[in-house]
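Work through the two exercises below with the structure in view. Each solution goes step by step.

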Amino acid sequence: MRFALTAEQQDLREVVHELMERLCPPAVVRSTPDAPAIDALDRGLVELGAPGLLLSERSGGLGLDENYLVPLLTETGWAAAPLPVLETVGVAPALFEAAGLADRLLAGGMACAADPTGTGPVRFAERGGLLVRGGWGGSGPVEIVGLSDARREPVPAVDPAANLCRIGGGTVLGTVDDPVVVERAWQRGVLGAAAQLIGLSRRMLELTVEYAGSRTQFGVPVGSFQAVKHHLASALLQVEFAAPAVARAGFSVAAGDPDRARDVSLAKALASEAAQLVARTAIQCHGAIGYTTEYDLHLYAKRAWALAADWGSAAWHRARIAEHLGLARTGTLPLH
Amino acid sequence: MDLTWSESEEAFRAEAREWLAAHVPAEPLPSGDTREGFARHLEWERELYAAGWAVVSWPKEYGGRDASLWEWLIFEEEYYRAGAPQRVTQNGIFLLAPTLFEFGTTEQRDTLLPRMAAAQDLWCQGWSEPGAGSDLAGIRSRAERDDEAGGWRLTGQKTWTTRGAFCTHLFGLFRTDPAAQRHRGLTYFLVPLDTPGVTVRGFERLDGDEGFAEVFFDDAFVPDSAVLGAVNQGWQVAMATTGSERGLTLRSPGRFLRAADRLVELAAAHPEAATDPLVDQVTAVWMQAQAYQLFTLAQVTDLVEGRSPGARSSLNKLYWSELDIRLHEAALELLGPQGQTDNPWSRGFLFSLAGPIYAGTNEIQRNIVAERVLGLPRK
């Protein structure tokens, strides 16, 4: 038993963190999808080997598992990286490999967006040339779609950095209906979203602690007021108890644990609840400046709201867990 | 990450499970916070000790079995899984003992630990006073030097002392330097409650049990050997105990995992009451019990690898105490009108309300987390 990152996983986390600090400051999160800075961020992740993290060595990847995916996505989440990292690094590999398309994935950078519901809209589809569609809940066929001839219709979004689009057309390059692969891709999506939510939560707390420690009212830093302290302590508490659930879910998926579906749902539900509480608390503790778009906090809060709702909301995953616990429900499982 | 148990850990679990299955009383014992229940619990404690399960993580020479922290966690899981009685010795074995291991002299350890393990000496905690609860540094009970007799004379009053009316010994803080302020000039004393000049009066808690006591000291003499750690260094010694109290050792995850499973069983047994919102509430509580366990696995890894939890033990305390209340609230919702009867769930609910108060109120814990974990300014 050892519940901690290995030295190698810790190294990966630090390298990605350093990369994000260098290449993904808030100004980059704010830039348009065609900005050179986003190209540089994309290249940085490719040089790190991110697209091949979960691809087998046979397919030219690193052959690593979800215990590595969690620290990587926690850090890209921390930076609110405006690229489909979760989708390309987490969701796509098993599907592309099963469809014999691993080369396409390795060739394109952070190129693959995901639409698990099959009904869009899709985040970060502006830049990338690939899309995986379907597989909600870990079952049903998933289409791998080439977007070179697709129509992209921008959708006004809460999170302006997400470049939300509705996709029309495109070319189906392959369809994966192996239930094992579809389930794995889904669980990695849920797990990855949870990891990113942990990173986003930590970033929002960092910003808030820094601000509350320097903003003075009534002659003292606002962070010295007990009301503010208690809000932030409660928010941290939820993050600190969600993060181990995310780490355990990574281990369960990697080990093929029979309870992995339940563990992944636990991770996503706790991480979503934590991130939503942190976002609300962070905005409140900033006061009016937190309610502006000039200040950076909103970038992270809006990404957190999107991810909390995506890949199954907290309520959706609690309903899954209730099923695992054998608690009869009078209703049916909500679709999304 | 490696979340698998070794063969020897699995064997340890199997041995514990087997013994507990054969020995845990079939009927729950009466509350250990009543005089009669306490006596019944003592019989159980002595049975545990005789079989070597009372203090598994202690060295063999003191009555333990040299179990690792992981094995202790496993034992706790099995203990609660088996529905075994609450540990009325907990303030000694979980709070004082770690402090004795760290600060005690060889003689203190050799004298006190075996008797504690065997439930011969029963320890209560003498910290709170009428004027010093959360503000522990405000204590006024004092110890005056008696050079002639080679010891100290204790005067003052402790209160809200859990099971004080049934225990034999008290560990507590007394002011030894009247000129020193606040947390300076305090000394940690180990006091037999039959010392002349000590008077104990039990009183009822919210749940109606005589689980509390106030302890009066009227020029009670204790020898120098009753001092734990250095004179006037009591605060540092006491803080080692608060880490245990707030953190892992007092409230192991096994307790909440088992309680959450029982809550799920209760919901399954009452489908007529388990509406969708209530199922969601039960599920959320079960999830939090899981989260507490996973947090502690990470924490034990840290401890085993030499990283001290420090102020992070306040996170444990906040989480388990608030989880415990939500757990019992959900159970009472499921029970409906039956929830008003005196039953294990309603008793558990009343007890859970003490959680955010004892071991430092949750308001104090949130201050600690904000200042020492997050780094917000004190002033």
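Two strands pair if DSSP finds at least two bridges between them. The model used here is predicted.

**Exercise 1. Describe the strand order of the open sheet in chain A, then the pairing of β1(A) with β2(A).**

Step 1. The open sheet has 4 strands in the order β1-β2-β3-β4 (chain A), and its pairing is mixed.

Step 2. β1 (112-115) and β4 (165-176) of chain A are the edge strands, since each pairs on one side only. From one strand to the next, the twist averages 35 degrees.

Step 3. β1(A) pairs with strand β2 (residues 130-134) of chain A in the parallel sense, over 4 bridges. Within this pair, A:A113 stands opposite A:L131 in β2(A).

Step 4. Helix α5 (residues 85-98) of chain A lies across β1, β2, β3 (142-154) and β4 of chain A. Helix α5 of chain A runs at about 85 degrees to β1(A).

**Exercise 2. Describe how helix α8 of chain A and helix α8 of chain B are placed relative to each other, and which residues meet.**

Step 1. Two packed helices are described by the angle between their axes and the distance between the axes.

Step 2. The axes of helix α8 (residues 226-255) of chain A and helix α8 (residues 276-304) of chain B come within 8 Å and cross at roughly 80 degrees.

Step 3. Angles of 65 to 115 degrees count as roughly perpendicular. α8(A) and α8(B) are therefore roughly perpendicular to each other.

Step 4. On the α8(A) side, A:E240, A:F241, A:P244, A:A245 and A:R248 take part; they meet B:Q290, B:A291, B:Y292, B:L294 and B:F295 in α8(B). The residues of this contact divide into 7 nonpolar, 1 polar and 2 charged.

Key: Residues numbered from 1 in each chain as written. Chains lettered and ligands numbered in written order. Predicted model: local features only at pLDDT ≥ 70, side-chain atom pairs only at ≥ 80, totals over all residues. Heavy atoms only, no water. Axes fitted to C-alpha atoms, helices over the stretch in contact; angles between N-to-C directions. Helix = DSSP H or I, 4+ residues; strand = E, 2+ residues; numbered from the N terminus. Parallel < 35°, antiparallel > 145°, perpendicular 65-115°, else oblique. Contact = heavy atoms within 4.5 Å. Nonpolar A, V, L, I, M, F, W, Y, C, P; charged D, E, K, R; others polar.
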